[in-house]
Structures are given as C-alpha cells and as structure tokens.
Amino acid sequence: MPINYARRLTDRRRSTQSNRQLGVCLAFIAGAANAGGYLAIQQYTSHMTGIVSAMADNLAMGATDLVLAGFGALLSFILGAMCSTLMINFSRRRRLHSQYALPLALEAALLLLFGILGARLMSVQGFFVPLTVVLLCFIMGLQNAIITKLSNAEVRTTHITGMVTDIGIELGRLIYFNRSRHDDMPPVRANRQRLRINLMMVTSFFIGGLTGAVGFKHFGSLSTVPLAALLLALALVPMADDLLLGWRLWRRRR
C-alpha cells in the first residue's frame, strides 16, 4: 500500500473522499468480522437493535440468563465506542497524527487475538457471555465510533439499517416526478452522491461478510488475521509519523 495513500486515509487531516474510502474499507472488515463471528458463536455482534429486542423478548418469557447475555454484549459494544472516543480525544488534545490510527491499531490487535485464540476464548466466560462475544462486540463498537467521529457521523460501517433506509429515501426522490414548475415548492432531487456512497458501503459490507464466512468455514478464526494485517497497514503510517516527530523534538532538546 503506498505510504501517501495510507497517510491520507487515516491521518488527522480529513477530507470527504478519504472518509468515504476509509468507510468502504472498514465496512468490508466489519462485514467479514460480523459474518465470521456468527459462524463462531451463532450471534451477530454488530446488530444492537436485534440484541436489545431479544433482551426484551427474553425478559418477557422469563429467560433471565439470555437477558444477561444480551446485556453483556450490549455493554461490550458501548465500552468499545467509549474506548475509541477516549483514545481519539486524548490524541486530538496532543495534536497527534495518529488520533484515528491508534484505535484502528487496537482493533487490529484484538482481531489478531481473536484469530489466534478464538477457539480457546469460547470456553472463557466474560460478563455473562463467552469472552468471544465480549471481544467481538467491543471491536464493533470501537470501529463504529472511529468512523463516526472522523466523518462527523456522515459515515457508519456497521449500521446497515440506516444506510439501507437512506438508499430507499434517495431512490424515492430519484423516481419522483416533479409535475408543476410554477409553485413555490423546490423540486424534489435525489442526492446521487449519498446514494452512491451508501450503495458502496452496503456492497462492501456484503462482500466482506461473504469473504469472512467463506474464510471462517475453511480456516476458522485464523481468517481474521488478514483483516488485522489490513487494519495495521492503515494505522502504521500516522503512528510512524508521530514517532518520527517525537524523535526529532527529543533530539532538538538535547
């Protein structure tokens, strides 16, 4: 991966184009991790809507253990988003180039941990659920908060429901027939750019899911190792920039 391209994707200086390109890449990774995680634990770890709904259903039916399991997954997702926000704000106050790269590096490390120890983690209890569920939900919350923060909530990588809703809205605007041109109401126009990026994100998530499912079927949890390597490749350049800058400042002070 060219150094300047990697720097443009994850550096603190952002552009709409780099936000969307990074979003497409992270949507692929989220889809792969989500699908692979489902094959490992029979649960989608980015789908908080379904988890909260299942908690309500299980509470109504008196299945307290399943309610606690859902709460553990939900809490892990929230903690992941909190961790990402803390890391970004800490780095932002210090004007680091790696303010978004550091959480990506953490996500890479956690995916690598899942890839190497996935089978063993299944037998270890976390809050009220296996540590695998805790880990994957934490990763999903971490990643969604990264792209939300850097794009000012313009791009999401795991919130497919919202993206599909936006696609439906823009398609409705696209086919709307503006009959009258003499009233005071502005004509209905589709935001083709938003439609295009949402289609790209959903497609990337789907391809990632397909890749993750096929990879997990053949290689098990080790299939997440290439995903971790990709994330690390994205994060290394801004981190190296900060280390080099810190080294130069230290040499000047000597």
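Asp57 lies in helix H3, where helices (H or I, at least four residues) and strands (E, at least two) are DSSP runs numbered from the N terminus. The model is predicted, so local features need pLDDT of at least 70 and side-chain atom pairs count only at pLDDT 80 or more, while totals for chains, interfaces and linings use all residues. Residues are numbered from 1 along each chain as its sequence is written, and side-chain values use heavy atoms, with hydrogens and water left out.

With a relative accessible area of 46%, Asp57 is partly exposed; buried means under 20% relative accessible area, exposed over 50%, and partly exposed in between (1.4 Å probe, protein chains only). Asp57 and Arg196 stand 139 residues apart in sequence, and their C-alpha atoms are 37 Å apart in space.

H3 covers residues 48–60, and at 1.5 Å a residue its 13 residues should span 18 Å, which agrees with the 18 Å between its end C-alpha atoms. The expected span here is 1.5 Å times one less than the number of residues. Met48, Ile51, Met55 and Asn58 are buried in H3. These residues lie on the same side of H3, because they cover an arc of only 85° around the axis, the arc being that of the directions from the helix axis to the C-beta atoms. The buried residues of H3 pack against H4 and helix H6 (131–150), with contact meaning heavy atoms within 4.5 Å. Thr49 and Ala60, on the other side of H3, are exposed. After H3 comes Gly62, which has a positive phi, near 80°.

Tyr5, Arg8, Leu9 and Thr10 in H1 meet Ser18, Gln21 and Leu22 in H2.

A last stop is Ser98, in the loop between helix H4 (64–93) and helix H5 (101–121). Ser98 is buried, its relative accessible area being 3%. Leaving aside residues up to four places away in sequence, Ser98 touches Pro103, Pro238, Met239 and Asp242. The side chains of Ser98 and Asp242 make a polar contact (2.5 Å). A polar contact is a pair of N or O atoms within 3.5 Å; within protein, one must be able to donate a hydrogen and the other to accept it, and residues adjacent in sequence count only if both atoms are side-chain atoms.
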